[in-house]
Each structure stands twice: as structure tokens, then as C-alpha cells.
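Dear colleague,

I am handing over the structure below, and my notes on what was found in it follow directly after. Please read them alongside the sequence.

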Amino acid sequence: CEARSCQCPREASRGSREQRTLSARALTDARNPQARARAASMDQRKHRRALTPLLLLLHALDFTSGQFFPGSCSFEEHYSKCGYSVALGTNGFAWEQVNTWERPTMDAAVPTGSFMMVNASGRASGQKAHLLLPTLKENDTHCIDFHYSLSSRDGRSPGSLNVYIKVDGGPQGNPIWNASAPVTEGWAKAELAISTFWPNSYQVIFEAVSVQGHPGFISVDEIHVLAHPCRKTPHFLRLQNVEVNVGQNATFQCIAGGKWSQEDKLWLQQWNGKDTSLMVTRSVNQRRFSAIVRVADTSQRGTSRYRCVIRSDGGSGVSNYAELSVKAPPTPIAPPELLAVGATYLWIKPNANSIIGDGPIILKEVEYRTTTGNWAETHIVDAPTYKLWHLDPDVEYEIKVLLTRPGEGGTGPPGPPLITRTKCADPVNGPQNVKVVDVRARQLRLEWDLFTYAVTRCHSFNLTVQYQYVFNQQEFAAEELIPTSSHYILRGLRPFVTVRLRLVLANPEGSKESEEIVKQTEEDVPGPVPMESIQTGPYEEKIFMQWKAPNETNGIITLYEV
């Protein structure tokens, strides 16, 4: 392989655990003087012939062990040469490298070989020891398998062995695999199907946890990083990011290659280690299955990371981390800007550039209503400005802007309101059915139909009466403000004059007049005859008198009395 610059299969670059055990035993016997004494009776030449291939095999194994992929370790040499490290636990509780061939042990519970081990005897419950693999960056489907052993003299479990997958230097979280009971019969094997790929990195951590009063040993050996899928553990396809709006349902779809078993356990694991159980699992076909997992809390805006984890009979599979983005629907910071006002329209600018929440904004709407009403209308805005038509004159309106981002529930609460009033409009018509219902010498009583908003088209208006008449060959004209709404007495007129009058309805935007009415006031008592106009002419038997008519005849004089 080296000569051809090709990459050897990972299994071909290392011997099996059984092969290395046999080789190590042969090497130990060869180096042990007692073994040499026992072999003295054998033919020396034959012994050399048998030993030479064995040493060549050991040499080949030592050579190929340097070709292991990063993360693999057989613990024939110090674990640090594999890039492994050990974190010291409480009261010296830690992993240690053991080689029973070089240093045999008298404890039958200790496994045989060269491996990493934790002695859990005499420990308080909950003490932890960590064995850390080097940080890995893989670019293709791969599998990590390892051997483990839980052993004790009395057959009780010495504690638990947990496996964590820490991604991109993040938190350790919860274990994705664990073994606690019962004790294993010799060495057992498990697989880790890790679907985290470059440019992301991950680190495998083995954790041993002690149980008080349960003496024994927790061991791991033969950790292999293999360039093929795991045989018994499902591999997850890429977990896709999910984006929802606040308060909406968020679900992840975990899709894995392999067959689903009812005994398999599948869950969703958050970046901080919190686990969420699955909702629905179904088979897609003979080679794949999927599970829908719902995230319970989407009440707060933010970003969190989740991954799918499955525990099967052969080991555990874990997907990549996918982001759950909980977005806040947008809300404008400022109220709409008023550009122009008319009697039946309001021209506004939505002011949707400055927002609270998240974009992008895919829809802008204007919601408006009267400040005294309980109805509301919403219009879609597709331009920088918008004109609200068909409004009522002289009415106060409350206008708000609604913004919508993608996704269900993407419409945010309305922004601050713009409160403004439309202008008044010209009255529809002047006063209707104006009548003079009482005529007297010096006053007229007027009545007309009551005004409504539909006629005035403004809440602020006034009503005046304009009138004119001729008295003593002089023309009089006047206007009076009418404070009442449906009747009025016009006073201060002259008796027996012809009065021309009309009512005028006016608001700030215009005015409308009623039809002209012509009425004559009644006659009244005439004024006195001017004394200076009285002239007399005495005769023998009579007195001749003459005078001028009164200045105010107040009607037609039909009789003078002397």
C-alpha cells in the first residue's frame, strides 16, 4: 500500500484483539526465563524456526500500528501516543493503563491484556474518571467500535461506563451510550455511529462512574476508527436546521439508515444535554426509518442546537447538531408618518424600516379603525406610502402597521398607533323644510328639520339666519347666529314690512343655504302724530286742522280721531 501511495483499509492495518493477545503471550513466554527452561528439552533449531515468524509478526504489528487512523488505539504502547489523555477524578479516581502480560495481577476479576482500566473498589458513589480521545475531524461515513468490560469478584456491577460526544469544544451534555449492569462475561463490543463531519470536530469521552460498596473494574480496549458504516448501529442522515416563530410548533425529523427495532431507544438531545423523547417513528423503507420529534418550548426568541441519538443493541448513533432558530415576529418601532389629510382620505408612510424582532419582512399591512369604534380593517401595503380611501369626514382614526416574516405565526403585534383626524367636508345640503310658523308684528318664529352628521359632514358647524327688509325707504340687512338646532325666533323686526330670509349651514370647509322665504310682519299700533305737523286755521264757525302721518305708521292707517 505504501509503495502504491494508497490507503489501506483500517481493519488491515491492525491485528484483531485475539491475534494481539496470542502474540503478546508468545512474546511474554519468549522473554520469561521460566518459559525458556520449560522449552529446553525442545529441539533448539525447531524452536528458532517457530519463534522467528512470531517475532516477525510482532514487528509487523508494531509497524502497522503506526498506520492507524487518528483516534484508534490498541494500548500496546502508552495511551498518550494515540493522542489520548486522562482527566484526574475525585480523590485520585482516574483511568490507568494496565498490561497484565508484563505485570500479571492476582485479582481474577481483572481482564487479561493491555488496556485502560478504572479500579472502582472502595470508592464512594458518583466519583467520575474521564478518558478523552483526541479531537477528530472526519469527512466521510465512519464507525468507532471498542471493547469494554465490567468485572467484579462478586458478580455485581462495579459502576457504569458512559460515552459522551462533545462537538466543537462545546458542553459535554448527557451520555449517548452507557453500560452499568450486569457485569460482562469477558470483553463486550459496542459501536458508535457518529454523523459529525468536517468542518465540525468532535471528541469521544469515556466516563467511569463508581458505586459505593460495589468493588470491581471498568475497562476499555481496542478503540478503532473504521472507514465504513457500523454493522449493527444505524447512521443518521444530516439533520436539517429548523426555523419557527415564537409560540409555534417546532419538529425535527431524524432519518437514519438501518432497520428500526421496537427495543431501540431514540431521543433528541439538546446542546446543553437536555433530552426530549421522540413522538412518532415510522419505517421509510427496508433501509431507512424516520422519527418526528417535537420541541416543547418555543416561547422565547433565541437559537439552540439539537441532535438525534439512538441506542440500539449494537451501540449508539448520533447525528450532527442542527439549529433551532426561534424568531420573533417583527413589530415597527415608530408609528406611521402622516403625509397628507383630506376629508375622506389619509395618506401615510408605514415607517417599517426600524423594527423590533426578526426579518425578513415579506408582508406589510395597515390596520385602521375609528378611536370610538370596535371594528378594524386591514389593507396590504405594497408601496413605500399608502392612501386610506373612503373614510368619513371629521372622524378620528387610529392607524397601526403590521409586519409579517416567513413561517406560520410570522405576523407580529401592531406597532405604535398614529392617531389623526380627517378634515370636514362640505355640507350635503342646506337646512331643509324651513318654515315660518308664527308671524307677529315684530318677530317671526322659524322651524326646520333637525341636522344629522350625514348632512353636516362635520362635528363642528354653525347655523345662521340672514334677513333683510325695507323700512321708511331704507334697506336693513342683518345676520344672526342660531344657537338652537331646530327652531328660532327672529326678533326686533319692524311691523308691516316684507322680510326676506334664508338659513345658512356652514362648517370649516364650506356652507349651504336654504331656499329664500318671504314673509310680511303683522301691523302694530301706529306711532304718534308729530306735534309740529299739526296746523290749525280758525274760522267763525269752525277750526280747520291738518297734520302729517306718524313717522311709524306700522301698517295702513284707516282712522284718525280728534
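Does C73 count as buried or exposed, and at what relative accessibility? C73 counts as buried because its relative accessibility is 1%, where buried means under 20% relative accessible area, exposed over 50% and partly exposed in between, with a 1.4 Å probe and protein chains only.

Before going further, please note that this is a predicted model, in which local features need pLDDT of at least 70 and side-chain atom pairs count only at pLDDT 80 or more, while totals for chains, interfaces and linings use all residues. Residues are numbered from 1 along each chain as its sequence is written, and side-chain values use heavy atoms, with hydrogens and water left out.

The structure holds 4 disulfides, a disulfide being a pair of cysteine sulfur atoms within 2.5 Å. In one of them C73 is joined to C82, with the sulfur atoms 2.1 Å apart, and this disulfide is right-handed because the torsion about its S-S bond is about 70°. C82, at 22% relative accessibility, counts as partly exposed.

Another disulfide is formed by C143 and C230, whose sulfur atoms are 2.0 Å apart, and this link is also right-handed, with 100° about the S-S bond. C143 counts as buried at 1% relative accessibility, and C230 counts as buried at 10%.

A further disulfide joins C424 to C458, with an S to S distance of 1.9 Å, and both C424 and C458 are buried. When the bonded cysteines of the protein are numbered in sequence order, the pairing reads 1-2, 3-4, 5-6, 7-8.
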